[in-house]
Amino acid sequence: MTSDDEVALRVRALESLLLEKGLVEAPAIDEIIDLFENRLGPQNGARVVARAWSDPAFKDRLLSNPTDAIVELGFEAVQGEDMVVVENTAAVHNIVVCTLCSCFPWATMGLPPVWYKSAPYRARAASDPRGVLVEFGTNIAAEAEVRVWDSNAELRYMVLPERPAGTDGMSEDELMALVTRDSMIGVTRALDVGGEVAP
Ligand code: FE
């Protein structure tokens, strides 16, 4: 039996016990599973970014009052966290980390990737963000400023990546396809029009 099988068995046993004792109800469990499987994820954040690229008034609201602007698009925070959205430009590149643990904006980006939770990323994103960016294949001009944002239980950060060149005529749905989870953490840029990660 693999360790995944063991975990699955334990989860099923725990679920049966909770149901049997009347501590949870089956629809509540189904609701949580549906939330994590289908309704949370980077597709939500990609919608937010594509809307900001397409609609300057929404972008202003997103940067000045991010939590409300994100709720406007129907993405409710799941842990009551406040969102902060930071904009990448040619002059400033933002990157997000949680140095303490793995705080992440679930409503817009789902669950964090494994590397985000790893000790090396958490330490090095803070101490050597440019080195981390190079490892992700992202080259930041020497004259640009790199800012590191440390997430916590109260504040969750999301990067608004730079809109890629050559995307002027693109619809919001087309733009959405260029917005990756990693670009909203700030370790990469958004995809270019050819669907490649821009260096
Ligand atoms: Fe954390």
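1. Strand pairing. In β4, Arg156 is the bridge partner of Met83. Strands β1 (residues 82-87) and β4 run parallel, joined by six bridges. Two strands pair if DSSP finds at least two bridges between them. Strands here are DSSP runs of E, at least two residues, and helices are runs of H or I, at least four, numbered from the N terminus.

2. Basis of the model. This is a predicted model: local features need pLDDT of at least 70, side-chain atom pairs count only at pLDDT 80 or more, and totals for chains, interfaces and linings use all residues. Residues are numbered from 1 along each chain as its sequence is written, and side-chain values use heavy atoms, with hydrogens and water left out.

3. Cover of β4. Strand β4 spans residues 155-160, and five of its six residues are buried. Buried means under 20% relative accessible area, exposed over 50%, partly exposed in between (1.4 Å probe, protein chains only).

4. Iron site. Which atoms coordinate the iron ion? They are Cys98 (SG), Cys101 (SG), Ser102 (N), Cys103 (N) and Cys103 (SG), at 2.1 to 2.8 Å. Along the chain these donors follow the spacing C-x2-C-S-C. Donors are N, O and S atoms within 2.8 Å of the metal (3.2 Å for Na, K and Ca); water is not among the atoms, so the site may look incomplete.

5. Cover at the site. Cys98 counts as buried because its relative accessibility is 0%. Cys101 counts as partly exposed because its value is 35%.

6. Helix α3. This helix covers residues 42-54, 13 residues in total. At 1.5 Å a residue it should span 18 Å, and its end C-alpha atoms are 18 Å apart, which agrees. The expected span is 1.5 Å times one less than the number of residues. Its buried residues include Val48, Val49 and Trp53.

7. Domains. The chain is divided into domain 1 (4-38) and domain 2 (41-185). These bounds come from an automatic or database domain assignment. The C-alpha centres of the two domains lie 31 Å apart.

8. Whole chain. There are 11 helices and four strands. The C-alpha trace spans about 60 × 35 × 30 Å along its principal axes. Of the 199 residues, 38% count as buried.

9. Contacts and surface. Among contacts (heavy atoms within 4.5 Å) between residues at least 6 apart in sequence, 66% join residues at least 24 apart. The accessible surface is about 10700 Å², with 55% belonging to carbon and sulfur atoms. Areas come from the Shrake-Rupley method with a 1.4 Å probe; for residues, only the protein chains shown count as cover.
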